Amino acid sequence: MSCRSLDGQINTLRRRGEITPGATPDTGSLRGDTIALLTRINELRSSMAAVMSMWLSAQFQDLSLPPAELRREFLADREPAMEVIVARAMARGELGPKTPPARVISLAPDLLRHELLMTLEPVTPETIVQIVDDAFLPLARLWSGLSGSEA
């Protein structure tokens, strides 16, 4: 693939990220914000999951960029929504004093993305709630130093 073609694809990906609605949900709770974000991602990205999966499979070798770099290009200069959501939750006292590790902060959208790419179908609302309640919230609380009795 020529450098020009690669630049064009990266610019297309960056432009798509810029025009995708980016307002971070603010429902007043960590759980509510995370469910709202995953629901929005599910609605916006489920139709793109199959296309992105095929495109990444076909282009991965030629792009010579890891998926994390492609994601950074897509996000452009926006702060990841989950970082905003977690910071708000910490300010409200919903989490302990320590910021959870980046892997925990990105867990909910990562699990949703995995579901989308594995099924190539929208994720059910029940699955979104399971991701948040059974995986993300317990780990975020644990890593932030919030004891079980405070949750």
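Let's start with Leu139, which is partly exposed at a relative accessible area of 32%; partly exposed here sits between buried, under 20%, and exposed, over 50%, with a 1.4 Å probe and protein chains only. Leu139 lies in helix α7, helices being DSSP runs of H or I with at least four residues, numbered from the N terminus.

A quick word on the source: this is a predicted model, where local features need pLDDT of at least 70, side-chain atom pairs count only at pLDDT 80 or more, and totals for chains, interfaces and linings use all residues. Residues are numbered from 1 along each chain as its sequence is written, and side-chain values use heavy atoms, without hydrogens and water.

Staying in helix α7, which covers residues 125–144, we come to Ser144. Buried or exposed, then, is Ser144? Ser144 is buried, at a relative accessible area of 0%.

Now the charged pairs. The structure holds four salt bridges, each a side-chain nitrogen of Lys or Arg within 4 Å of a carboxyl oxygen of Asp or Glu. One of them joins Asp133 and Arg31, with the closest N and O atoms 2.8 Å apart. Asp133 is in helix α7 and Arg31 in helix α2, residues 30–63, so this pair ties together parts 102 residues apart in sequence.

Another links Asp110 to Arg113, closest N and O atoms 2.6 Å apart. Both lie in helix α6, residues 107–119, three residues apart, or about one turn of the helix. And do look at Asp33, Arg92 and Glu94 on your screens: salt bridges with shared partners join them into one network.

Notes:
Helix = DSSP H or I, 4+ residues; strand = E, 2+ residues; numbered from the N terminus.
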